[in-house]
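These are my notebook entries, written while I looked through one structure step by step. I put a question at the head of some entries and then wrote down what I found.

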Amino acid sequence: MTKGATGRHALGTLQLLVAVAVSLSAARGTPSLHYGHIAENSPSGSPVDGVKLPLVGGDCRAAHLLLDTGLTGNYASDFKLFFHRGQRNVGLKSTKTLDREFIAIYELRVTLPGCLKGPASVQVEVADQNDNGPEFIGENKTVKVNELTLLGTEVARFSAKDSDAEKNGQVTYFARPKSHFVHVVPSSGQVTLVRSLIGVTAFTLHVYAKDNGDQVLISEPLRLQFEVARDGFDRFPRQPRAGSPRRPRAVSGEELALTVTVSDDVKVGDLIFTVPDQKFAKRWFEVVSEPDSPVQIERDSGRLYLAHAFQSPTDVVVKIQNVRALNLLMQS
């Protein structure tokens, strides 16, 4: 055989192999794709909507034994094949109550030689039902906040989860009853301060989470206990013990008179003034005006904050305590 003959023979063999491969592929066929859905928690024996595999050839009911072995895939035993009466097709029905939170989508394969054109791939989605309520992540807790905290400050945050899908799993938050001091942001679970805490010692907030299902499910409440500190220096003062000595009067010093103008747009909780440094090594400050003074002061810094609104000029007296002199007085 010549070299040219050998080349022609090899080419003919290649063409033959290609033809055989194409022929086998056509004979085997690509699995047809089918999609169906079934509602979560449907009773056992419920049909899968949308799955009707057309029969070919003669009557395949004689091949009913194949129905028990013709369905494969992960958790294929959750379904079974059946013939539609009066219709020339094969369908699927459930063999148990299905839970979307366990399996949301089934990937199955149907093989019924002589009944179908070829193997069929079937994807079954379990449609979600609102059967899970929101649950908070975390437990009841105590939140400590200073009474001079600025309005709008985030003082707490929490979250809840819902195992359902889509709108059934969308969670929003609310307080019941509503609080005068804080606001719960429905979408994020943030708790922000909306009213001054000056003069408040403690308050409780009960927060709930709800889903967005057609039949709304609401969580058990989460309790937030807020403890309010008196000011920036004495953050959480202990109750005085019985028989404790009274605080000695302030050591006299130079008098200092200042006039401060407060604009109309200042809000409760805003910083309005800082008492000038008196060159003491250590000192603390105290408002000694009337009990309903419109300002509150930080003892260690001398910063004055607006406690409540006032309509006319007001005199505020601030006492500056020389801590070193006070200690010498107490020792004498």
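**Entry 1: a pair of strands**

How many bridges join strand E2 to E5, and do they run parallel or antiparallel? I looked up the pair and found 2 bridges between strand E2, which covers residues 53–54, and E5, with the two strands running antiparallel. Before going further I noted that this is a predicted model, so I keep the word "predicted" in mind for every entry that follows.

Within this pair, I saw that Leu-53 stands opposite Val-90 in E5. I then turned to strand E4, residues 79–83, and found that 5 bridges join it to E5, again in the antiparallel sense.

Is strand E5 largely enclosed or largely open? I checked residues 89–94, which make up E5, and noted that 5 of the 6 are buried, so the strand is largely enclosed by the rest of the structure.

**Entry 2: the chain as a whole**

Next I stepped back to the whole protein chain, for which I counted 2 helices and 21 strands. Of its 332 residues, 33% are buried, and the chain exposes about 21,500 Å², with carbon and sulfur atoms supplying 52% of that area.

I looked up the confidence values, and the mean pLDDT of the protein chain is 76, with 65% of the residues reaching 70 or more. Over residues 1–27, however, the pLDDT is below 50, and beyond near neighbours in sequence this stretch has 1 contact in the model. A further stretch, residues 232–255, also stays under 50, but for these residues the model has 26 contacts beyond four places in sequence.

**Entry 3: salt bridges**

How many salt bridges does the structure hold? I found 3, and I took them one by one, with the reminder that side chains of opposite charge can pair when their charged atoms come close.

In one of them Arg-100 pairs with Glu-125, and the closest N and O atoms are 3.5 Å apart. The pair links distant parts of the chain, since Arg-100 lies in the loop between E5 and strand E6 (105–110) while Glu-125 lies in strand E7 (residues 120–127), 25 residues apart. Is Arg-100 buried or exposed? Its relative accessible area is 19%, which is under the 20% cut-off, so Arg-100 counts as buried, whereas Glu-125, at 36%, counts as partly exposed.

I then noted the salt bridge between the side chains of Arg-157 and Glu-154, with an N to O distance of 3.0 Å. Here Arg-157 is partly exposed at 43% relative accessibility, and Glu-154 is partly exposed at 37%.

The side chains of Lys-167 and Asp-214 also meet in a salt bridge, at 2.7 Å from N to O. Lys-167 sits in the loop between strand E11 (160–161) and strand E12 (172–175), and Asp-214 in the loop between strand E15 (202–210) and strand E16 (222–229), so the pair ties together parts that are 47 residues apart in sequence. I recorded Lys-167 as partly exposed, at 36%, and Asp-214 as exposed, at 68%.

**Entry 4: two open sheets**

In which order do the 4 strands of the mixed open sheet stand? I wrote down E9-E16-E15-E12, with strand E9 (141–146) and E12 as the edge strands, each pairing on one side only. Neighbouring strands of this sheet are turned by 30° against each other on average, direction ignored. I followed E12 to E15 and found 4 bridges in the antiparallel sense, among them the one in which Ala-175 has Val-207 of E15 as its partner.

The other open sheet I looked up has 3 strands in the order E10-E14-E13, with antiparallel pairing. Strand E10 (154–157) and strand E13 (182–184) stand at its edges with a single partner strand each, so one side of each is left without a neighbour in the sheet. The twist averages 25° from one strand to the next. Between E13 and strand E14 (residues 190–193) I found 3 bridges, and Val-184 has Val-191 in E14 as its bridge partner.

Technical notes
Residues are numbered from 1 along each chain as its sequence is written. This is a predicted model: local features need pLDDT of at least 70, side-chain atom pairs count only at pLDDT 80 or more; totals for chains, interfaces and linings use all residues. Side-chain values use heavy atoms; hydrogens and water are left out. pLDDT is the predictor's confidence in each residue, from 0 to 100. Contact means heavy atoms within 4.5 Å. Buried means under 20% relative accessible area, exposed over 50%, partly exposed in between (1.4 Å probe, protein chains only). Two strands pair if DSSP finds at least two bridges between them. Accessible areas come from the Shrake-Rupley method with a 1.4 Å probe; for residues, only the protein chains shown count as cover. A salt bridge is a side-chain nitrogen of Lys or Arg within 4 Å of a carboxyl oxygen of Asp or Glu. Axes are lines fitted to C-alpha atoms, for helices over the stretch in contact, and angles run from 0 to 180 degrees between N-to-C directions.
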